[in-house]
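Biologist: Please show me the model, and let us then examine the terms used to describe it.

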Amino acid sequence: MSNPFNKLHHICIVVHDIDKAQAYYESIGVGPWAEYPPLSEYEELSVPSQAGFLALKYRMCNLPNVQIQLCEPNDEPSPQRIHLDSKGEGVFHIGFEVPDADAAEAQAGTLGLPVLMRGRRTNRTGFTYYASAEGAGVTLLTRATNLPGK
């Protein structure tokens with residue numbers, strides 16, 4: 001398998017108010033925006049708080065070269081909430097697209113990246129967040145999607 005961090009998919013920005021952030025982006029011509037598919041579609045979850053994860057609000061905008069995601073955590077515990085409270089609004093993670101979520105996670109492990117959070121759908125597509133912020137300055141994520149590139 002090639003390096004799991006060579007195909008940029010998205011940048012995720014945590015915000016206090018997702019409607020306000022979306023309106024700002026739209027005011028400068030960035031859009032259209034769509035709701036992220038329901039987080040409840042992940043049947044296998046390893047996250048610090050399932051309630052915190054399921055309460056996250058996401059919106060996405062597919063630009064020609066990258067997807068921008070906005071994430072608004074509520075008051076339930078989550079790494080996104082901790083980031084917002086401790087660092088303020090800004091980039092929470094950078095996402096990379098991979099063909100196989102499990103293989104990418106295994107390869108990242110051989111590179112010394114511990115898993116921070118993960119989720120899988122029944123068909124084994126899904127995501128893995130890595131505890132990379134200390135070294136990379138940001139959380140890294142790999143994802144295999146039902147619809148690659150979306």
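**Terms and their grounds**

Modeller: Leu84 lies in helix α3, residues 79–87; helices are DSSP runs of H or I with at least four residues, strands are runs of E with at least two, and both are numbered from the N terminus. The model is predicted: local features need pLDDT of at least 70, side-chain atom pairs count only at pLDDT 80 or more, and totals for chains, interfaces and linings use all residues. Residues are numbered from 1 along each chain as its sequence is written, and side-chain values use heavy atoms, with hydrogens and water left out.

Biologist: Why is Leu84 called buried?

Modeller: Buried means under 20% relative accessible area, exposed over 50%, and partly exposed in between, with a 1.4 Å probe and protein chains only. Leu84 has a relative accessible area of 3%, so it is buried.

Biologist: With which residues is Leu84 in contact, leaving aside its neighbours within four places in sequence?

Modeller: They are Val14, Val15, His16, Pro73 and Glu89, where contact means heavy atoms within 4.5 Å.

Biologist: What makes β7 and β8 a pair of strands?

Modeller: Two strands pair if DSSP finds at least two bridges between them. Five bridges join β7 (residues 115–120) to β8 (residues 126–130), and the two run antiparallel. The bridge partner of Val115 in β8 is Tyr130.

Biologist: In what order do the nine strands form the open sheet, and why do β2 and β3 stand at the edges?

Modeller: The order is β2-β4-β5-β1-β6-β9-β8-β7-β3, with mixed pairing. β2 (34–35) and β3 (44–46) each have a single partner strand, so one side of each is left without a neighbour in the sheet.
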